[in-house]
Amino acid sequence: MVLVGGGQIATRKARLLTSAGANITIVAPEITDELAALLGLEGNGDPPTPHRWLAEPYSGTDQLAGARLVVVATPNRTLNAVISADATVAGILVNVVDSPELCSFIFPAIVDRSPLVIAIGSNGASPVLARQLRRRIEAMVPAAYGQLAAFARELRSTVARALPDVEHRRRFWEQIIDGPVASQVLNGRTEQARTQLTALLALQQRNPKSLNQGEVYLIGAGPGDPDLMTFKALRLLQSADVVLYDRLVNPEITNLARRDAERIYVGKQRSEHSVPQPQINQRLLELARQGRRVARLKGGDPFIFGRGGEEIELLARHQIPFQVVPGITAASGAASYAGIPLTHREHAQSVRFVAGYLKDNRLEHRWEEFLSPNETLVFYMGLAGLEEICRQLVKRGRDAATPVAVIERATLPEQRVLIGTLESIGGIVAASRPSAHTLIIIGSVVELQSQLGWFGDSAGANFQNSARIDKNML
């Protein structure tokens with residue numbers, strides 16, 4: 001291939017091309033020292049190199065003879081257009097750096113985990129955006145994934161001979177890539193991984209039904225914003241055959257599952273239990289026994305008022321494999337996006353998470369434990385019981401002027417923050433009529449919302465436009 005140009009841009013292109021095994025002819029009067037060293041063109045006494053340098057300006061198609069690719073990296077736009085036209089007439093693929101209209105092919109941004117390679121292209125529309133996406137993917141895909149791809153390549157033919165059925169083989173590889181064998185490879189223990197894979201392969205040959213063992217992933221989906229999910233949560237969700245979700249899970253998160261995954265709604269609302277909890281537990285067990293990989297999506301964190309412990313208790317009793325993926329709980333998400341720190345050196349040195357739902361129109365709590373002005377209270381599922389919560393706190397001795405925030409649809413673009421006090425918040429909520437997707441924060445930290453709530457990152461101006469703040473109440 002021919003690379004026209006010898007500056008820094010040409011040097012960057014040469015790095016990529018040499019890593020792909022290209023033999024490069026440089027056409028340029030001068031080249032950088034780095035480019036000369038990269039191509040082994042520093043001077044006499046160097047070992048033979050497949051690359052060469054024509055130390056002259058571009059003069060015509062004779063310099064392109066025999067090339068399959070031409071890359072143009074000069075600052076002269078007129079010259080670049082000439083070279084592009086020459087290459088096109090000669091039937092040679094050409095790329096002109098930063099000039100997509102002169103290109104017959106483009107270089108995508110590359111995440112190189114050889115032999116695994118990921119390319120991100122924008123068709124020349126925004127190379128900067130493609131590079132930013134590359135950086136994000138590089139963070140998500142560790143360098144060791146290249147070792148995992150090489151490991152799979154090494155054993156691919158062995159597995160194919162042992163498991164001739166395509167569907168059986170696919171399920172086997174999914175078990176390998178998502179399981180402990182892959183973990184061994186990623187941790188550099190390739191020999192142990194090879195031994196483990198060989199044993200699993202022998203088991204599959206003796207008992208093909210051994211792959212029918214299902215698994216349950218109890219996934220904390222976070223408070224709403226899909227960007228708050230963990231990498232592990234996303235990976236397991238996209239490997240699931242069936243997804244059980246409730247009303248607290250943002251539909252955008254459910255849509256991240258595989259297209260062919262079955263979706264089952266098991267949502268519950270106050271006074272309207274569409275699927276009782278014991279039936280959900282039983283459904284998880286039955287689906288796993290069918291050999292299916294089941295993602296149970298739960299809003300927030302599955303172990304904080306999410307009844308996740310009840311769901312995995314039944315699975316453990318029947319020896320069904322499961323994984324629990326923590327999620328950002330609603331308190332953290334709502335407080336962060338509203339600009340309310342749950343603890344602050346000058347306001348609160350502790351925080352208490354409290355269930356706020358009514359049972360037989362009553363709240364059974366030790367209210368005397370909730371009276372410290374140096375502790376933030378966070379009530380989950382407390383909208384219906386808000387007036388009773390405020391009444392009990394004031395009755396037991398907490399100052400009626402204590403600030404209160406009611407945060408509706410936390411972390412979503414339509415988030416709304418209602419601010420009042422223990423004395424006034426009931427009237428504010430009655431007038432504003434928020435939905436049941438709310439969280440209640442009580443304590444002097446709420447005062448900081450007027451200072452910090454303007455700087456939310458994800459929902460942007462929605463924080464300013466939707467927050468109801470009456471400073472006289474504070």
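## Where Ser126 sits

Helices (H or I, at least four residues) and strands (E, at least two) are DSSP runs, numbered from the N terminus. Ser126 lies in the loop between strand S7 (116-120) and helix H4 (127-140). This is a predicted model: local features need pLDDT of at least 70, side-chain atom pairs count only at pLDDT 80 or more, and totals for chains, interfaces and linings use all residues. Residues are numbered from 1 along each chain as its sequence is written, and side-chain values use heavy atoms, with hydrogens and water left out.

Buried means under 20% relative accessible area, exposed over 50%, and partly exposed in between (1.4 Å probe, protein chains only). Asp98 is 28 residues from Ser126 along the chain, and their C-alpha atoms are separated by 9.8 Å.

## Helix H5 and helix H8

Two packed helices are described by the angle between their axes and the distance between the axes. Axes are lines fitted to C-alpha atoms, for helices over the stretch in contact, and angles run from 0 to 180 degrees between N-to-C directions. Helix H5 (residues 145-162) packs with helix H8 (residues 190-206) at an angle of about 15°, with the axes 11 Å apart. That makes H5 roughly parallel to H8. Angles under 35 degrees count as roughly parallel, over 145 as roughly antiparallel, 65 to 115 as roughly perpendicular and the rest as oblique.

H5 passes H8 in a right-handed crossing. A crossing is right-handed if the near helix is turned clockwise from the far one by less than a right angle, and left-handed if anticlockwise. H5 contributes Phe151, Glu154, Leu155, Thr158, Val159 and Ala162 to the contact, and H8 contributes Thr190, Ala193, Arg194, Leu197, Leu201 and Gln205. Contact means heavy atoms within 4.5 Å. By class, this contact of H5 with H8 has seven nonpolar, three polar and two charged residues. Ala, Val, Leu, Ile, Met, Phe, Trp, Tyr, Cys and Pro count as nonpolar, Asp, Glu, Lys and Arg as charged, and the others, Gly among them, as polar.

## Helix H5 and helix H6

The axes of H5 and helix H6 (residues 166-177) come within 12 Å and cross at roughly 150°. That makes H5 roughly antiparallel to H6. The crossing of H5 past H6 is right-handed.

On the H5 side, the contact is made by Leu148, Ala152, Leu155, Arg156, Val159 and Ala160; on the H6 side, by Arg169, Phe172, Trp173 and Ile177. The contact of H5 with H6 has eight nonpolar, no polar and two charged residues.

## Strand S16 in its sheet

An open sheet of five strands has the order S15-S16-S19-S17-S18, with mixed pairing. Two strands pair if DSSP finds at least two bridges between them. The edge strands are S15 and S18 (416-421), and each pairs on one side only.

Six of the six residues of strand S16 (residues 375-380) are buried, so S16 is largely enclosed by the rest of the structure. Glu375, Leu377 and Phe379 point one way; Thr376, Val378 and Tyr380 point the other. S16 runs parallel to strand S15 (residues 350-355), joined by six bridges. Val354 stands opposite Phe379. With strand S19 (residues 438-442), S16 pairs in the antiparallel sense over four bridges. There, Leu377 stands opposite Ile442.
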